[in-house]
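Colleague: I would like to learn how to read the contact between two chains in a model of this kind. Could we begin with the strands and then turn to the interface as a whole?

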Amino acid sequence: MTGHVTKPLGESGTEHWDIIIKPSGNVSGRLTAAWKYRELVWMFFKRDFTTFYKQTVLGPVWYLIQPTLTAITYYVVFGKIANLSTDGISPLVFYMSGTIIWNYFSACLTNNAETFSKNSSLFGKVYFPRLVVPLAVAMSSLVAFVIQLMLLLLITFALWLSQDGMVISLRFVLATPLILAYVATLGVGAGLAVSALTVRYRDLVYAVGFMAQLWMYATPVVYSFSQVPERYQWIYHLNPMTTSVQLFRWALFNSSPLPLSVCLANVAVTLIVLIGGLMLFARAEATAMDTV
Amino acid sequence: MNDIVIRAEHVSKLYRLGVINHGTLYRDLQSWWAKWRNRPDPNLSVSDYASAKGKQSRLKGDIFHALDDVSFEVGHGEIVGIIGRNGAGKSTLLKVMSRITMPNSGFIGIRGRIASLLEVGTGFHPELSGRENVYLNGAILGMSRAEVRSKFDQIVEFAEIGEFIDTPVKRYSSGMYVRLAFSVAAHLEPEILLIDEVLAVGDVNFQNKCMGRMQEVTKAGRTIIFVSHNMTAISSICPKSILMADGKVAAMGDTADVIKAYLDRPEFGGTASYSVNPEDVDGKAVICRVAVLNEKDEVSGTLELSKGFSVEVEYELREPLSGLSVGMQIMMEDGYTPLVSLSDPELDVSRLDARPAGYYRARVKFPGYLLNTGTFYVRLGISSRFSIYSVAEGIRFDVEDNVGIIQMLGQQRKPSISAIQLPWEVEKVFQRNSEGVLK
């Protein structure tokens, strides 16, 4: 150890450092750091998974009850009372397919809203790329989705036995992973942005659940895109969840897909959300522990 | 040995105080609305006098310098202690080095794999078994799964957990919990290790074992930065040290010299005493000197939890005064007053008679454990029933548990203002006899 540093600032020097701590970090550096910690993503996922089953009596049954009851409610309210069309798809699976894909998005979004405050005891004591946590949350939510998808397929299969029309196709097998990746990207991106904002504005947490609710009605979950009047269709260009819900049904039931323009606009919005979320998150990450 | 593995250059960390961030959107809007109408901000914080005084030198406007232009270098294989009083910036420095928070300016370069232990058992989940927690905690601390697996048996053996390794840790005793947590940390093998006082855990035997482990690790050529209040631990482990004071590096070099510099610092006793030249002050009664004394009667701003201390006040009466009392108030950082004491209580009527002019010295003794660990401020005043003659404030002292007595007993800090040990009497009154009747 020597007394005083007389050399110029290290950043201008030619020395090699493994870790450089400077006020501003770069987003791509953080992404590669998160990749190095992929084992930790898996550990957090496993922790959430195991503790969930150890703590609840009903365990995975909750995952089945919730979408079933929601789908039945939508069926009664929107199918029977409001008499909305389901694009020729059997109403129960129509609503259920919309619900479970929406639930996956909403879980990614709302469970990540409080990343910093919920993990402050961890974040305040040890460093790892904070991005690990939202990624693990997205993975944990995927478990619920897969269980619900099984139920949906089971019901679809039962309906197929009793009547005809719905078949699991190659289209479904190929498109579903893509749709899921898309929803996860969007959910994590939006979750990152919200979690960065809640560091500064804690009351925003309460708004997130409510906003997600409103957002659902702006998405073709309880109705079909084909019913949307043409003059309102520009809204759906901006709402990136339109693509995932509509295409998920298309993958399952071969219902009407979306105009290509909507899909492209949606993908663009999703990319913007993801990049914006990453940038906000990177900024929050640097100083979040000073305020939480 | 001359390879530099950590170099910090002009590192500064600022905290903004006051109105900049209220934490809620509602309050931000409220402040903004008030500003727009030229009204005073309803959310402006009223800064506490005592805490503002204590940190004044580092406050520039709303900005508090937690670290102020810190530069140092650490060579490969060195074991460096960081000392300094509470709030001197030790923990902030450690947090910046461990990348928990970012500096506002400056640069730190680190060569090699780094791990920080600011706490043991970070991320332990009570529902998970000991085994699952070892893997989880290892991953959080930066170990790969393969690494944990290869050291797993050693970890369990070191922790003396045995067959309980597959039991959820919520059923562990606190001792077992800490031993397992420490054991994972002790088997971490980064090139650079940052440690914050975590050695002060567990019973004495386990502590010795940990110290042994530390020394073993350093023989393997690892670099260690160790932050502690515990001078004994620092001087036995670290050949070199850095002294932090007011967010700056105040001294660095051989530990013995640095500890001496720490004890010699003016502020070390400075804030623990107060003095004015009586000639400079008018008044019928003037407080000339106040000092906080440790049990050896030395002026000291850092008191040991288990030891008694006293407060001494000297004052001059320039004319005979009656009904006079010296009142002392001990305050905490948040302004709460846990203790008020009068030198001449109204119950003792004879002492309220007129006191002749002259120079007086009054002294009050406090028993050990009366105040819990923390920072306290003393305010003294001479008053009669109708007027206040003189007030002295801004005297500050810290009560610290340097011996680690609380952790040694395997307890946590009591959440009370006083840590006083009260004499409980426990007796068995009844016992169930063979018929199961309480008798």
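Modeller: Two strands are said to pair if DSSP finds at least two bridges between them. In this predicted model, strand β1 (residues 19-21) of chain A and strand β5 (residues 105-110) of chain B run antiparallel and are joined by three bridges.

Colleague: Which residue stands opposite Ile20(A)?

Modeller: Opposite Ile20(A) stands Gly109(B), which belongs to β5(B).

Colleague: How much area is buried between chain B and chain A?

Modeller: The size of an interface is often given as the accessible area lost when the parts come together. Between chain B and chain A that area is about 4,800 Å², with 59% of it coming from carbon and sulfur atoms. Of the area that chain B buries against chain A, Arg99(B), Ile100(B) and Phe107(B) supply 14%, more than any other three residues.

Colleague: How many salt bridges and how many residue pairs in polar contact are counted between chain B and chain A?

Modeller: The count of salt bridges is zero, whereas five residue pairs, both residues at pLDDT 80 or more, are in polar contact. On the side of chain B that touches chain A, strand β1 (residues 4-16) of chain B gives the most, with eight residues, and by class that side has 28 nonpolar, 21 polar and 14 charged residues.

Colleague: Where in chain A is confidence lowest among the helices and where is it highest?

Modeller: Helix α1 (residues 27-36) of chain A is lowest, at a mean pLDDT of 76, and helix α4 (residues 91-112) of chain A is highest, at 90. Chain A averages 83, although pLDDT stays under 50 over residues 1-12 of chain A.

How values were computed
Residues numbered from 1 in each chain as written. Chains lettered and ligands numbered in written order. Predicted model: local features only at pLDDT ≥ 70, side-chain atom pairs only at ≥ 80, totals over all residues. Heavy atoms only, no water. Buried area = accessible area lost by both parts, 1.4 Å probe. Salt bridge = Lys/Arg side-chain N within 4 Å of Asp/Glu carboxyl O. Polar contact = N/O pair within 3.5 Å; in protein donor to acceptor, adjacent residues only side chain to side chain. Helix = DSSP H or I, 4+ residues; strand = E, 2+ residues; numbered from the N terminus. Nonpolar A, V, L, I, M, F, W, Y, C, P; charged D, E, K, R; others polar. pLDDT = per-residue confidence, 0-100. Contact = heavy atoms within 4.5 Å.
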